[in-house]
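Here is a short briefing to read alongside the model. We start with the disulfide and then move on to a sheet and one of its residues.

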Amino acid sequence: IAIAKVDSGATGNGPYYVCLDNKNEAFVKLNGSDSKNASEFLWSHSGTSSSATFWYGKENEKSGIKFTKEGNYTVYLKVWDPCDIPDTTSLTFIISKADVITLNPVASSCNPINYTPSPNIPNAKYYIDGVLQNTFPVNLEYGIHKIKGVLNNECGETSDSIEIKIVQAVD
């Protein structure tokens, strides 16, 4: 009986979530050692050779796979018992990158402005001077204002900050 599990490199209980790093790579260690009466092992996957490759142990009870592209993948473990009868099981993976947020700079102004983040990403959170803002535009009066955008997904949190100076003109 084929039994496959994830040793490291993914979160969740199926589907498993995997995050690509800044080199667009993610490594997952796989384990089929709980398979019952298995004498031979063969790991395979639903992706292309450019999107996922086994970096060791493709024909062993323990293996490792490297993902290089976002998407949904199925990894299969096929085992054979001593009588050469096969059994197959699978694991499902969702490969993602951390969403990135970048706020465009805003030129200093001599008058109050109505501010809307650019780009304004629907699932991001925006803070102005430490206060969460739910609607835009927001009127910014004289002073120095710190704008922070935060974006989350399974791969973590990214943020960006800008400063907007609104200085009253001197006569």
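The torsion about the S-S bond of Cys19 and Cys155 is about -100°, so this disulfide is left-handed. Cys19 sits in strand β2 (residues 16-19) and Cys155 in the loop between β13 and β14, so the pair ties together parts that are 136 residues apart in sequence. Please keep in mind that this is a predicted model.

**Cysteines**
- The sulfur atoms of Cys19 and Cys155 are 2.2 Å apart, and a search of the whole structure finds 1 disulfide.
- Cys19 is partly exposed, at 30% relative accessible area.
- Cys110 is partly exposed too, with a value of 45%, whereas Cys83 is exposed at 64%.

**The open sheet**
- Four strands make up an open, antiparallel sheet, running in the order β11-β10-β13-β14.
- β11 and β14 (156-166) are the edge strands; each has a single partner strand, so one side of each is left without a neighbour in the sheet.
- On average, neighbouring strands of this sheet are turned by 25° against each other, direction ignored.
- β13 (residues 143-153) pairs with β14 in the antiparallel sense over 11 bridges.
- His145 has Ile164 of β14 as its bridge partner.

- Gln133 belongs to strand β11 (residues 131-133).
- Its side chain reaches the backbone oxygen of Val131 at 3.2 Å.
- Beyond its neighbours within four places in sequence, Gln133 is in contact with Tyr126, Ile128 and Val138.

Key
Residues are numbered from 1 along each chain as its sequence is written. This is a predicted model: local features need pLDDT of at least 70, side-chain atom pairs count only at pLDDT 80 or more; totals for chains, interfaces and linings use all residues. Side-chain values use heavy atoms; hydrogens and water are left out. Helices (H or I, at least four residues) and strands (E, at least two) are DSSP runs, numbered from the N terminus. A polar contact is a pair of N or O atoms within 3.5 Å; within protein, one must be able to donate a hydrogen and the other to accept it, and residues adjacent in sequence count only if both atoms are side-chain atoms. Contact means heavy atoms within 4.5 Å. Two strands pair if DSSP finds at least two bridges between them. Axes are lines fitted to C-alpha atoms, for helices over the stretch in contact, and angles run from 0 to 180 degrees between N-to-C directions. A disulfide is a pair of cysteine sulfur atoms within 2.5 Å. Buried means under 20% relative accessible area, exposed over 50%, partly exposed in between (1.4 Å probe, protein chains only).
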